[in-house]
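Student: I have a new model on the screen. Can you show me how to read its features one by one?
Tutor: Gladly; bring it up and we will start with a single residue.

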Amino acid sequence: AAATKVLAWALAQELPDISFDEVVVEYLAESWRNSEDVTEAWSPFLISHNAASDDDAALEVVNRILERLREAPAPDIVAGAALPAASGANGSTATAAARAAEEAEIVGLKALLEQLALRQYS
């Protein structure tokens with residue numbers, strides 16, 4: 001569950017205009033933890049979601065997502081962030097991804113303020 005939340009955060013940060021439903025994010029997280037070749041596991045999903053045009057482009061996208069994962073806040077900070085919603089008829093994909101990224105940042109800020117014990121800001 002923690003890996004899924006962190007990956008959802010990284011996807012929202014790196015690909016804010018693309019929506020991955022929860023099942024896909026769970027699969028991607030599982031393959032991230034257990035696959036020897038993440039690019040091979042993720043490429044079909046990146047291509048089908050128009051995040052990459054071919055396998056070479058998918059490799060670049062995977063590397064950027066993995067870099068985001070290295071920079072990701074702790075799983076407990078990301079835990080409050082919602083997964084980006086599946087794209088709806090009203091075109092809310094970008095909005096849902098942006099909202100998820102914003103919620104992750106807010107949760108991280110709240111955790112930092114609590115850790116610093118700056119009561120007037122929390």
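Student: In which helix is the place of S31?
Tutor: S31 sits in helix α2, which covers residues 22–34. Helices (H or I, at least four residues) and strands (E, at least two) are DSSP runs, numbered from the N terminus. One caution on the source: this is a predicted model, where local features need pLDDT of at least 70, side-chain atom pairs count only at pLDDT 80 or more, and totals for chains, interfaces and linings use all residues. Residues are numbered from 1 along each chain as its sequence is written, and side-chain values use heavy atoms, with hydrogens and water left out.

Student: Is S31 buried or exposed?
Tutor: Start with the scale. Buried means under 20% relative accessible area, exposed means over 50%, and partly exposed lies in between (1.4 Å probe, protein chains only). S31 has 7% relative accessibility, so it counts as buried.

Student: Which side chain does S31 join in a polar contact?
Tutor: The partner is W42, at 2.9 Å. A polar contact is a pair of N or O atoms within 3.5 Å; within protein, one must be able to donate a hydrogen and the other to accept it, and residues adjacent in sequence count only if both atoms are side-chain atoms.

Student: How many helices and strands does the protein have?
Tutor: There are 6 helices and 0 strands. Along the sequence the pattern reads α-α-α-α-α-α. Of the 122 residues in the protein, 37% are buried.

Student: Now salt bridges. How many are there?
Tutor: The general idea comes first. Side chains of opposite charge can pair when their charged atoms come close. A salt bridge here is a side-chain nitrogen of Lys or Arg within 4 Å of a carboxyl oxygen of Asp or Glu. That rule gives a count of 4 salt bridges.

Student: How many residues apart are R33 and E30 in helix α2?
Tutor: They are 3 residues apart, so about one helical turn separates R33 from E30. Their salt bridge is 2.5 Å, N to O. R33 is partly exposed at 45% relative accessibility. E30 is partly exposed too, with a relative accessible area of 38%.

Student: Which residues gather in the patch of negative charge?
Tutor: D54, D55, D56 and E60 gather there, on the surface. Patches are made of residues with over 30% relative accessible area and no salt bridge; like charges are joined within 9 Å. Asp and Glu count as negative. One of the four residues, D56, has its place in helix α4 (residues 55–71). D56 is exposed, with a relative accessible area of 60%.

Student: What is the phi of N50?
Tutor: N50 has a positive phi of about 60°, although it is not a glycine. N50 lies in the loop between α3 and α4. At 68% relative accessibility, N50 counts as exposed.

Student: One last pair. How far apart are S43 and V62?
Tutor: In sequence, S43 and V62 are 19 residues apart; in space, they are 8.0 Å apart, C-alpha to C-alpha. S43 is in helix α3 (residues 38–48). S43 is buried, with a relative accessible area of 5%.

Key
Patch = residues over 30% accessible without salt bridge, like charges linked within 9 Å, V, L, I, M, F, W, Y side chains within 5 Å. Areas by Shrake-Rupley, 256 points an atom, 1.4 Å probe, with all protein chains shown as cover. Charge placed at Lys NZ, Arg CZ, Asp CG, Glu CD.
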